[in-house]
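Please look at the sequence and the structure below before reading on.

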Amino acid sequence: MATTAGAPPTAMDEKARRTRDLLASFYNTDPAAAGAVPASPARPSPAASSVSPLESINSASFNPDVYMDVLVQQSNLEGLLQGHVKMAAEIKNLDTDLQMLVYENYNKFISATDTIKRMKTNIVGMETNMEQLLGKITSVQSRSDTVNTSLFNKRENIEKLHRTRNLLRKVQFIYDLPTRLNKCIKAEAYADAVKFFTGAKPIFEAYGDSSFQDCKKASEEAMDIVIQHLQAKLYSDSEPIEARAEAVVLLKQLNFPVDNLKSSLLEKLEDCLLNFQNKPTNASIGDISKTFRAYLIIFPDSERRLIELAHALFTNRYETVRETLKERIPSTDLLAILRGLWEDATAIDEVIPEAALPAFSLETTRDIIKQHIATAFLHLQTEISDVLVRTHSTSNEKLEESQLQTAMEKSKIKVSQGCIDLLQEFHHLIDGDTELIVKLKDLIIDWVQEGFQDFFQKLDGHFHLLSGRSKSFSQESNSIDSVQIDKIPTVLVLMLAQLCVFIEQTTIPKVTEDLAASFSGGGARSYEYGPPFVPGEICRLYRSSGEKFLHHYINMKTQKISKLLNKRFSTPVWIKHKEPREVNMFVDLLLLEFNGVVSEVKQILPGLIRRHRHSDSTGSTTSSRSNPMREDMLNRSNTTRTRSQFLENHLAKLFEQKMEIFTKVEYTQESVISAVLKLCLKSLQEFVRLQTFNRSGFQQIQLDMEFLKSSLKEFIDDEAAISFLLKEVNNAAHERCLDPIPLEAPILDKLINAKLAKIKEQGPNV
């Protein structure tokens with residue numbers, strides 16, 4: 001099947017090859033075949049002998065007899081018939097191809113025949129016309145030679161007279177030159193004067209010392225006047241730059257040395273540029289551009305110096321802008337200044353493109369805008385710090401009820417509104433479609449986002465410095481490390497804690513929303529450093545700092561009260577203490593400190609503080625002391641039974657449900673005040689454990705704790721925790737007492753009621 005399928009293409013290729021060979025032999029296109037001598041039948045050529053007889057039908061050495069003999073020997077009758085049919089078909093195809101070839105070239109043969117006929121017709125008579133034309137040309141040439149011969153002498157005379165006339169004109173021009181030059185001087189036609197003198201200069205150089213000596217001298221004197229006038233015009237500020245440029249060109253044509261003029265003029269240009277920078281003048285950047293263009297025309301080799309002057313001009317102008325950044329200026333004003341400088345640089349660049357002023361201007365503008373953004377953030381940080389420092393300065397004075405709350409609100413407004421104002425300011429920097437803004441828009445967006453990231457981080461570090469807590473990355477830590485804790489206002493630390501919460505929950509989400517709305521895009525910086533503004537990171541930072549400030553405030557208040565307690569318990573000799581007569585004065589001081597904490601926390605932190613009058617809590621004090629356990633304890637009359645009861649209390653504590661005293665501190669009034677009270681009472685317990693008491697000292701501690709138990713209920717609702725801690729103080733005093741016999745209930749009530757009455761007489765503010 002494969003052989004059968006492949007047979008037709010092979011037969012077609014063989015047919016095409018034979019057709020090409022027949023046509024080639026008919027037109028004799030093969031030089032080797034045309035020039036070859038047919039081999040003798042008796043002695044065939046080597047090529048013919050090497051080819052099979054059946055394959056040599058298309059060759060020049062084809063032998064029909066041999067072909068038929070071989071074909072009869074190798075084929076049967078059926079093969080001969082097939083060969084006959086095949087050869088008849090090929091002969092027919094060849095005849096058809098030859099006929100088509102003749103038909104296709106028939107029109108060409110007819111056209112060529114017609115063309116030859118027309119050529120024969122047109123050539124007839126052409127030789128006669130050419131002979132007539134040759135005769136006429138010969139006649140014209142003959143007559144022309146006759147005319148030239150007759151006029152030769154006259155032509156030479158005319159040419160000689162013409163040369164003489166030109167020479168006389170030149171001589172007359174030389175004699176009239178001084179007069180012409182003076183007329184040009186009067187008419188201020190210095191270009192004509194230079195033209196006349198340079199035209200006569202070759203004659204003066206040849207004959208100036210002999211025939212035209214007087215003319216040369218007079219002309220040179222006139223040209224000296226011309227040179228003086230040209231120099232005056234060159235140095236005159238009132239002359240237009242085109243006239244001054246023309247003066248330099250004319251001086252160059254007179255071979256006047258202009259190098260000194262170039263130096264002085266460039267110095268003068270430098271002074272003009274300096275005045276343009278420092279003083280307001282009527283000159284514009286267009287005038288300066290024209291001046292540069294004229295100097296390039298006048299002094300082509302001064303390009304390098306002009307480039308230096310242009311760079312110096314714009315460097316000084318941009319430095320002036322940098323100086324203005326030290327004071328905060330609106331973004332619109334800064335952008336107008338930078339846009340004007342950019343347009344000026346573009347105008348100068350059209351004259352001196354080699355100075356590359358647009359690239360320099362773009363680079364400098366980028367640095368200035370970046371500095372402007374950083375300066376704006378620094379000013380905002382300073383303003384926030386000033387609000388907090390004003391609170392610092394008034395913290396040692398007596399504050400009114402609403403002063404802390406007002407200061408806290410001002411701080412929040414300054415942070416929130418300050419960030420919004422900055423965003424509005426920065427939006428002006430990217431609001432526009434000028435070439436300068438388009439080139440820097442992505443960079444400005446990145447700088448604004450990076451600026452907020454850096455601003456919040458630095459503000460957090462500054463908060464730590466104000467609180468007396470130095471951070472490792474802060475550069476100002478050295479000046480704050482030495483600050484004593486008691487010199488840091490505690491209210492400022494509490495304000496910082498609440499301000500951190502406000503920034504985390506309100507300011508950062510608002511800034512993130514505005515950045516996404518107005519400053520999306522960017523991407524000019526490499527993303528291998530991450531996104532420029534990461535709100536999640538800032539929120540975590542301020543959440544952590546707020547917790548630290550809150551604990552720092554609690555520790556500062558606790559330390560201050562603990563110093564008071566330490567002084568109270570370390571000063572007297574408790575083992576020689578006298579019988580208690582009243583509640584100790586340190587309790588009043590302790591309650592006063594607690595009232596101060598309540599006043600600060602109430603104005604800064606959210607939440608309500610439950611307040612009671614001392615007179616209202618008298619009944620509850622009595623009822624709390626009238627329980628069966630206390631009465632049973634007071635009825636014991638000897639030390640042995642008391643100590644036995646003490647052991648029983650300790651055994652009971654082992655089986656009591658554990659009370660959680662120190663819980664997580666929240667940003668509420670109740671939580672902070674509770675934490676301070678618990679820490680102070682815990683410190684009080686430890687101070688009691690360090691002392692040794694007699695019976696009177698133990699009874700004094702008992703009296704003080706009972707009075708505190710009723711008074712401290714005014715500050716927090718966690719009565720169980722307060723009762724537990726006060727009980728622990730009593731137990732610690734009981735442990736450290738040599739004769740732990742408590743006061744009787746009537747005496748205890750009498751002393752406490754006396755103290756309450758005394759407080760009521762002094763006024764409600766005590």
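## Terms and basis of the model

A contact, as the word is used in this report, means that heavy atoms lie within 4.5 Å. With that cut-off, and not counting residues up to four places away in sequence, Ser-219 touches Leu-177, Pro-178, Leu-181, Phe-197 and Phe-204.

This is a predicted model, in which local features need pLDDT of at least 70 and side-chain atom pairs count only at pLDDT 80 or more, while totals for chains, interfaces and linings use all residues. Residues are numbered from 1 along each chain as its sequence is written, and side-chain values use heavy atoms, with hydrogens and water left out.

## The chain as a whole

The chain contains 27 helices and zero strands, where helices (H or I, at least four residues) and strands (E, at least two) are DSSP runs numbered from the N terminus. Of its 766 residues, 37% count as buried; buried means under 20% relative accessible area, exposed means over 50%, and partly exposed covers the values in between (1.4 Å probe, protein chains only).

The accessible surface of the chain comes to about 45,600 Å², and 55% of that belongs to carbon and sulfur atoms; such areas come from the Shrake-Rupley method with a 1.4 Å probe, and for residues only the protein chains shown count as cover. Among the contacts between residues at least 6 apart in sequence, 80% join residues that are at least 24 apart.

## Salt bridges

How many salt bridges does a search of the whole structure find? The search finds 14, a salt bridge being a side-chain nitrogen of Lys or Arg within 4 Å of a carboxyl oxygen of Asp or Glu. One of them joins Lys-414 to Glu-383, with the closest N and O atoms 3.7 Å apart. Because Lys-414 lies in helix α15 (residues 403-430) and Glu-383 in helix α14 (residues 357-394), this pair ties together parts that are 31 residues apart in sequence. Lys-414 is partly exposed at 29% relative accessibility, and Glu-383 is partly exposed at 30%.

Other salt bridges are found within a helix. The side chains of Lys-439 and Glu-435 meet at 4.0 Å, N to O, and these residues are four apart in helix α16 (residues 435-466), which means that about one helical turn separates them. Lys-439 is partly exposed, with a relative accessible area of 44%, and Glu-435 is partly exposed at 47%. In helix α18 (residues 490-518), Lys-510 and Asp-514 are likewise four residues apart, about one turn of the helix, and their salt bridge has its closest N and O atoms 3.7 Å apart.

## Aromatic rings

A search of the whole structure finds nine aromatic pairs; rings of Phe, Tyr and Trp (its six-membered ring) pair if their centres lie within 6.5 Å, and planes under 30 degrees apart count as stacked, over 60 as edge-to-face and the rest as tilted. The rings of Phe-377 and Phe-452 have centres 4.8 Å apart and planes at 80°, so this pair is edge-to-face. Since Phe-377 lies in helix α14 and Phe-452 in helix α16, the pair ties together parts that are 75 residues apart in sequence. Both of these residues are buried, and they belong to one aromatic cluster together with Phe-426, Phe-455, Phe-456 and Tyr-542.

Elsewhere, the charged end of Arg-180 sits over the ring of Phe-196, 5.8 Å from its centre; for this description, NZ of Lys or CZ of Arg must be within 6 Å of the ring centre and within 35 degrees of the ring normal.

## Two buried residues

Is Ser-219 buried or exposed? Ser-219, which is found in helix α8 (residues 213-235), is buried, with a relative accessible area of 0%.

Gln-449 lies in helix α16 and is also buried, with a relative accessible area of 13%. Its side chain reaches the backbone oxygen of Phe-519 at 2.8 Å. Not counting residues up to four places away in sequence, Gln-449 touches Leu-515, Phe-519, Pro-532 and Phe-533.

## Positive phi values in loops

Glu-188 has a positive phi of about 55° although it is not a glycine. Glu-188 is placed in the loop between α6 (126-187) and α7 (190-207), and it is exposed, with a relative accessible area of 55%.

Ala-356, another residue other than glycine, has a positive phi near 55°. Its place is in the loop between α13 (331-351) and α14, where Ala-356 is partly exposed, with a relative accessible area of 36%.

Note on methods
A polar contact is a pair of N or O atoms within 3.5 Å; within protein, one must be able to donate a hydrogen and the other to accept it, and residues adjacent in sequence count only if both atoms are side-chain atoms.
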